[in-house]
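Let's take a walk through this structure, one chain at a time. Keep the 3D view open and follow along.

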Amino acid sequence: MSSAMFDLILQATLETLYMVAVSGVIATLLGLPLGVMLYVTRPRQIMAMPVLNQALGVITNIGRSIPFIILMVAIIPFTRMLVGTSIGINAASVPLTIAAIPFVARLIEGALNEISPGLIESAQSMGATPWQIITKVLIPEARGGIITGLTITLVTLVSYSAMAGAVGGGGLGDLGIRYGYNRFNPEIMLITVVILVVLVQGFQSLGDYLVRKSDRK
Amino acid sequence: MIELSNVSKTYGSGDNAVHALQNVNLTIPKGTIHGVIGLSGAGKSTLIRCVNLLERPTSGSVVVDGQEMTGLTRSELNHARHRIGMIFQHFNLLTTRNVFDNIALPLELMGEKRSDIQNRVLPLLDMVGLSDKANQYPAQLSGGQKQRVAIARALASKPNVLLCDEATSALDPQTTSSILELLRDINHQLGITILLITHEMEVVKSICHRVSLISDGKLVEDAEVGDFFTAPNTQLGRDFLNDFLQLSPPKELLERLEELPGEHTHPVVRLTFSGDAVSTPLISRLARECSVDVSILQAKVESIQDRTLGLMIAELLGSHEQTQQAMSYLEAHQLQVEVLGHVQRNV
């Protein structure tokens with residue numbers, strides 16, 4: 001393999017990591033509160049607001065039901081407004097983030113579901129406010145489930161980011177399509193796939209390690 | 001001091017309405033241990049949750065330490081709850097906090113300083129006998145130890161009232177008695193008023209001063225524990241007592257038992273005696289004074305607090321007149337006589 005090729009692969013890998021990191025961090029910052037809201041505003045929950053809960057649920061479901069490839073082109077005007085262009089890794093990070101927010105939110109909600117209602121009740125009996133219940137009971141107790149959910153999100157973002165390559169997003173997907181597929185270079189295609197596999201394995205192992213470390217059960 | 005007046009709780013409305021509590025009146029003086037006993041679904045859980053408003057009564061008034069709870073704002077209510085500790089059947093400890101931090105939780109919620117928390121938690125750990133477990137996590141503890149942590153946590157905010165929601169129902173008998181002993185000590189040393197709900201007579205017998213019996217959302221009995229165990233007023237109360245004493249006629253006898261006396265039958269009676277009657281040799285006097293022989297089928301003596309309770313199932317052998325006279329004789333000596341039925345002679 002030529003050193004030019006090596007540079008190309010290295011750059012594509014870094015681009016993929018960049019897209020996953022940016023969208024992963026922003027989606028977590030926005031998806032975590034959304035997931036908590038989906039949970040605590042349910043009927044009979046600590047901040048029961050059934051109408052808001054319904055509305056958030058519908059919006060989340062819409063976000064989750066649009067295929068990523070369609071979302072990517074559909075929000076191009078929004079992406080342009082935000083980052084000034086519709087191609088490149090910054091542009092690709094916008095639809096990745098938008099797709100990941102509802103994904104993260106549902107996984108967080110699922111993690112909170114696993115908490116025994118008795119824990120919330122006992123915190124209430126101690127005079128905890130809803131905010132205290134969220135920060136001192138719900139999120140710490142759901143820690144393992146939340147890390148699991150974020151790991152799934154990162155893995156999904158790796159594969160979505162490869163899709164972003166199809167529309168000039170950069171990264172390993174882009175490399176695979178342009179060199180591996182369009183230029184009939186099976187070596188590049190194979191290397192791209194292997195790196196993606198390694199990335200996914202790495203994220204999963206890291207996630208599993210953190211879950212094990214946080215698990216006190 | 002806890003005072004419930006005309007407390008009702010209804011879930012749903014119209015035809016689907018479920019009346020979990022109906023006009024419950026209950027006064028628990030400061031420093032006493034009050035038990036509420038009932039079958040599952042009778043409304044015990046709802047009742048105890050109405051005290052700290054985890055369940056809001058549909059109507060009625062709840063006064064704890066002179067403060068009407070139902071009229072409080074959210075933040076006033078949270079404040080009031082700091083004065084009411086609660087422990088649960090399944091302990092409800094945070095799995096991600098160690099023992100120390102679990103006990104510290106209510107103090108953190110109140111915004112106490114870290115150094116004050118330390119000063120408060122360490123003596124509590126000592127009191128429940130878990131000083132060496134401060135850094136362990138709940139998963140490493142036994143059920144009894146978990147409940148001790150929960151008790152320490154409930155006491156952290158120095159409450160005047162402790163609510164115990166089936167606190168020993170998930171524990172084995174030995175652990176149960178050690179937890180009950182701890183609760184008794186707490187009541188004794190700190191003067192905390194304790195309201196507990198349970199379905200176990202053993203719990204009521206060991207630590208309660210007074211007991212209420214709940215059935216279908218209504219309190220059907222309210223008595224001193226000694227009175228309740230010697231003379232329950234309701235059939236449900238008697239069922240609980242008989243279950244507890246495990247005193248019922250042998251199956252073989254039950255099959256032969258007839259409801260009405262015949263020409264050649266003997267009555268089978270359940271005798272309950274308490275107080276002086278326990279130490280009086282009534283059975284032998286019965287034989288002498290009424291010429292009735294007594295065939296004892298089962299007998300048991302229980303100590304309930306400072307009282308002794310005797311129970312006996314016996315067959316009275318004699319003519320109809322003699323056995324009637326014997327029963328009047330026993331009743332005259334403060335025994336409760338319940339005729340269970342009649343059996344044929346010489347079978």
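## Chain B at a glance

Chain B has 12 helices and 14 strands. Keep in mind that this is a predicted model. If you boxed up the C-alpha atoms of chain B along the principal axes, you'd need a box of roughly 80 × 50 × 30 Å.

How much of chain B is buried? Of its 347 residues, 40% are buried. And if you take the contacts in chain B with a separation of 6 or more, 69% of them come from residues 24 or more positions apart.

## The annotated stretch of chain B

An unreviewed UniProt entry marks residues 2-241 of chain B as "domain: ABC transporter". In the model, residues 2-241 of chain B are 38% helix and 26% strand.

## Two helices side by side in chain B

Now find helix 5 (residues 143-155) and helix 6 (residues 173-190) of chain B. They pack at an angle of about 15 degrees, and their axes are 10 Å apart. Angles under 35 degrees count as roughly parallel, so helix 5 and helix 6 of chain B are roughly parallel to each other. Their crossing is right-handed.

Which residues make this contact? Helix 5 of chain B brings G143(B), G144(B), Q147(B), R148(B), I151(B) and L155(B). From helix 6 of chain B come T175(B), S178(B), I179(B), L182(B) and I186(B). Sorted by class, the contact between helix 5 and helix 6 of chain B has five nonpolar residues, five polar and one charged.

## Chain A, built from helices

Over to chain A, which has 10 helices and zero strands. Reading along its sequence gives you the pattern α-α-α-α-α-α-α-α-α-α. The C-alpha trace of chain A spans about 65 × 40 × 25 Å along its principal axes.

Chain A is made of 217 residues, and 43% of them count as buried. Look at contacts in chain A between residues at least 6 apart in sequence: 68% of these join residues at least 24 apart.

## What UniProt says about chain A

UniProt, again in an unreviewed entry, puts the feature "transmembrane region" at residues 16-40, 52-76, 82-105, 146-168 and 188-211 of chain A. Let's zoom in on two of these spans. Residues 82-105 of chain A are 79% helix and 0% strand, with end C-alpha atoms 23 Å apart. Residues 188-211 of chain A are 100% helix and 0% strand, and here the end C-alpha atoms lie 35 Å apart.

## A helix pair in chain A

Next, pick out helix 5 (residues 89-113) and helix 8 (residues 143-164) of chain A. Their axes are 9 Å apart, and they pack at an angle of about 155 degrees. Angles over 145 degrees count as roughly antiparallel, so helix 5 of chain A is roughly antiparallel to helix 8 of chain A. This crossing is right-handed.

On the helix 5 side of chain A, the residues in the contact include A92(A), L96(A), A99(A) and F103(A). On the helix 8 side of chain A, G145(A), I146(A), G149(A) and Y160(A) are among them. Count by class and the contact of helix 5 with helix 8 of chain A comes to 14 nonpolar residues, six polar and no charged ones.

## A closer look at T192(A)

T192(A) belongs to helix 10 (residues 186-214) of chain A. Is T192(A) buried or exposed? A residue counts as buried if 20 or more other C-beta atoms lie within 10 Å of its own. T192(A) has 27 within 10 Å, so T192(A) is buried.

Leaving out residues up to four places away in sequence, T192(A) touches L172(A), L175(A), G176(A) and G180(A).

## Where the two chains meet

On the chain B side, 19 residues are in contact with 18 residues of chain A. Helix 2 (74-81), strand 6 (84-88) and helix 3 (99-109) of chain B each give two or more residues to this side. Helix 3 of chain B gives the most, with four residues.

What kinds of residues does chain B use to touch chain A? Nine are nonpolar, eight are polar and two are charged.

Terms used
Residues numbered from 1 in each chain as written. Chains lettered and ligands numbered in written order. Predicted model: local features only at pLDDT ≥ 70, side-chain atom pairs only at ≥ 80, totals over all residues. UniProt positions renumbered as here; feature names shortened; annotations may be inferred. Contact = placed C-beta atoms within 7 Å. Nonpolar A, V, L, I, M, F, W, Y, C, P; charged D, E, K, R; others polar. Buried ≥ 20, exposed ≤ 12 C-beta atoms within 10 Å, placed from the backbone. Axes fitted to C-alpha atoms, helices over the stretch in contact; angles between N-to-C directions. Parallel < 35°, antiparallel > 145°, perpendicular 65-115°, else oblique. Left-handed = near helix turned anticlockwise from the far one by under 90°.
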